[in-house]
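Biologist: Hello! Could you show me how to read a place where two chains meet?
Modeller: Gladly, let us look together.

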Amino acid sequence: MTTKTKKTTLVEKKLIGLADIVIQSAERSKDPTFQIPIRALSNVSFNERKGLIEMGSKKQERSFFNVGMAKKFMQTVLVADALSELQRADLTTSLREIYYRTKHTIKNSHENTFDTQDESDPVIEDLEVSLTALREELHVRAENSGSIVGPVVFGDDGDRVDCSKLGKGGYSVPSIVEPEYLEIRRCTADFLLLVEKGTQWNRLSEDKFWRRYNCVLLTGNGQPPRGVRRLARRLHEEQRLPVYVLVDNDPWGYYIYSVIKQGSINLAFESQRMAIPKAKFMGLSSADPERYELPRNVGIKLNEKDIARAKELMNYQWFKKPAWQAEIKRMLTSGLKYELDSLANKDFQYLTKKYLPRKLKEKDWLD
Amino acid sequence: MGKRKDSASEPDSKSSAPRSNSEPAAKKPAAAKAAERVTAVEMGARQREISVSEFFTKNRHLLGFDNPRKALLTCVKEAVDNALDACEEAGILPDVTVNLEVVSNGVPVAPSQANRFRVTVTDNGPGIVRQQIPRIFAKLLYGSKFHRLRMSRGQQGIGISAAGMYGQLTTGKPVKIISRIGSKAAAHFFEVQIDTKKNEPLVHENKQIEWEQPRGTQVTLEVEGKYQKGRASVDEWLEQTSIANPHVKLVYKTPEGETKEYPRTYHELPPQPREIKPHPYGIEFGMLLKMLQDTKSHTLSGFLAGDFCRVSPQLADEICKAAKVSPEDKPRELKGPVAETLYKTLQETKIMAPPTNCISPIGEKAILSGLYKQIKGEFYTAVSRPPAVYRGNPFIIEAGLAYGNRPQDQNKPQQPAMPKAEGEHEEEDSELARVIRYANRVPLLYQQSACSTFKAVLSTGWKNYGLSQSRGALPGGPMVIFVHMASVWVPFTSESKEAIADYDEIQKEITLALRECGRRLGLFVRRRERAASEFRRRNIFELYIEEVVEACNRLKGGTLPKQKLKEQLQKIATSRTGGTKTDQALGKTGGGPEGLPHSIIVTADGVEGETALATQVESDQGLAVPPAEPDLLGDTTPADEPASKENATKKSSRTKHLPKKTTMKSGQIAIRAGESKAKHPSKSAKTAAPRKPK
């Protein structure tokens, strides 16, 4: 307990620092202003050497006495207050609970401090960036929406969790997986396979793919949450596991892969500890339908949004490699996208028995 | 000839079709012809005169009796129109009572379920002389208004007798009339029906009775009808009537037993419209021929100068010369091509527009007072256009606006702020404006989209005036748009007088009037928005300071000198929002109604603009505000003193901060100017001269 209190003081100090800005500005009759790094494409750059998306130094000012910003400013102070309360009580909480904790009707008015969670979430992200505190450090957790199975043993709150003895359900990845919360005791796998979809992860888990190919299977059910990404990164870094990514063949699948590999635009400041620049794209590639003789009728026509998104991706610096340009172009030319699930057209176990074995044998992946 | 051949060959081909073609079919058609043929003599025997009453019995929809609901409205409308026309012509401020009762045979019926009603309309008008009563109420096309060009509600002399006929047709009951022409005369009671074949009245009952009213007329009709509130109802019609006729005191007893009173808020009768002679541009050829026959003049030039308006003897001679006829010709002998030439010449000659004193507009003040009385809003304005002419008929367009939701009265307790849950928002204004239309002061409730006024409202670009408007739709927002056309002859699209026909001249005038209203509204809306945004700016900071200070205090572990921080922040807020300058702006929200003539602005603090009117309306409605005599005269207090003694003592919050300067404009002297002049002869002279507001 005492050790933890010591660690949190730093974050708490930073939070109290916000109050000091207000007090000092008021003392000097100045408009209280916070500096908040901009979280947008305009303020990120791709570091090719490191293979990471990095945040630039552009900042926006958030001042109290500006009609457009006054409410956001007030909300920022309220959220900071709630976060410091968490620190003092040494509790973790969810984004939604923070929203409820800070919501009330302002005295003498009909106005609520927050109307929806959509207003409080970005404020929390703003604080993460401007205080350079990680969400975990702020004691805010996301939902547990990841599963892991395979020859790896964790220590979680003193319990020994052997992921090879958890049936087909596996271990539910907690939101906060920092070493002080989750310890990796042993890992004998040869590689890590990160699957976009829970359904395909289930398929592989049920078929005991991990046992045959001695790997760890990890899924984030769609866009992987921080916990999953951070755990993959730790296994990659600490256990030297190569990471392979298996996603649908559509622009959103490509982007999921790129987030795992280089980090996201919104949370570029966290790439340092989340991104896995050496992750490989296993599939589905737009070349696979031909190579694996998937019939055209299991494809889905690209809609306008898909096409627009694909073109956007092609302009991202980290997709500029010729292989990737070709990959995306091929999808656009065919006009079709394919889901991982469509492999079931050939055989229910096609993914386990044919597709992945052949991919691994041929080392057919993109970097 | 061709027609006959066709009809002959048709049965032939039909009858022969099923048979073989080889058989000659010559004899068959002859037989068919014989069966169908009617001789001219036989036909002649069937041809006879159709009486107007018979015609309208069969075509009652032409007169507005299409369905029971509309029929009930038409009956009320015709009786009230007659009452108002009579009162105004006699120079009497009208007091009209409308009583609508359910007629049931023993078993009481709910008004909404009933199908038989008794309509009783009582006025304080001049009464009707005994001999005329049967014909006025039980003879179609009988009346005083058809033959002259003068503005009045009724035009053809069909209305009330048609209503009586409708009652007779649906319930079999006669029309009952009580009329008295003065306190010294006796009151006469009549029961009349109409002989639909002859279009003549049948008198059932005729006696002298005791009547409590010294003067006036009461009509009772028993009709089949349906009473339903809402759009195009009797209730709506009466309410709208009261808006356009603020000089009328109207009492309405609903079938549900409620009594609605529409007080008189304007104490002057509309000026008497003069009767005019037809203008040459306004007549058709047939009409000219008839006038040539009917005239009393013996010479053509005398006829032209005497029977038309705006034709002087010289001009008459010129016209005769141009038409190549002698001015000395006898009008009666002018026929055929010569008359046609004369007609064409008349149309081509440049003749001055007809005089306009034959129409009496409602007037900006009266419209304002009507709107203010009946519609709760924040902003009112009214425009009377100068007279214009279509087809030789002079007309005047008037338009008005009532906009916004009236701010809550201050003495009313404010509702406690209810915390809002996620997804709950302030109620949005998605309602569209409402158009109320009038012709000669009579509300038009049906066929809105066919009406020239409605089309003009749609084609006006309300977006320019700060309102929302979708393509081809009414503008959005809480607003009532008032349009009135006054004319000696309103061109309706049908006999039931529901929509005004689409003449370019009329459309143009309406559009101009609406634009002027819109321009003033735009000014008001923009001013209000500016003030509101300043107010909001200030308010936001004040609200949030509290939150920020509390949160900072908690962050600092509750050790903060809260009050000090709050004061420091408030000081910054004040300096950032324009300080005292803003205070002034906020104190006088709209900055007064300059540039907004004939307008009323209602704010939480009071009424601006034609304050006298507003005060008038309120005192008439018994709102505990005495008629503000000192205000009307305006020179009892210095102009720049914000709250005079008189104002401070007033009870109504709305009139607390009457901006003095507005009451000083000469155009805005109260309606009761006559009265106050009598009381303060010396002072009223001063007010006549306009003073510049400081």
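**Where the chains meet**

Modeller: Between chain B and chain A an area of about 3,100 Å² is buried, and carbon and sulfur atoms give 65% of this area. Buried area is the accessible area (1.4 Å probe) that two parts lose on being put together, summed over both. This is a predicted model: local features need pLDDT of at least 70 and side-chain atom pairs pLDDT 80 or more, while totals for chains, interfaces and linings use all residues. Residues are numbered from 1 along each chain as its sequence is written, chains are lettered from A and ligands numbered from 1 in the order in which they are written, and side-chain values use heavy atoms, without hydrogens and water.

Biologist: How many residues of chain B are in contact with chain A?

Modeller: Contact means heavy atoms within 4.5 Å. Here 30 residues of chain B are in contact with 42 residues of chain A.

Biologist: And how many salt bridges does the rule find across this interface?

Modeller: A salt bridge is a side-chain nitrogen of Lys or Arg within 4 Å of a carboxyl oxygen of Asp or Glu. The rule finds four between chain B and chain A. One of them joins B:Lys556 to A:Asp20, with the closest N and O atoms 2.5 Å apart.

Biologist: Which helix of chain B gives the most to the side that touches chain A?

Modeller: Helices are DSSP runs (H or I, at least four residues), numbered from the N terminus. Helix 15 of chain B gives the most, with 14 residues.

Methods
Helices (H or I, at least four residues) and strands (E, at least two) are DSSP runs, numbered from the N terminus.
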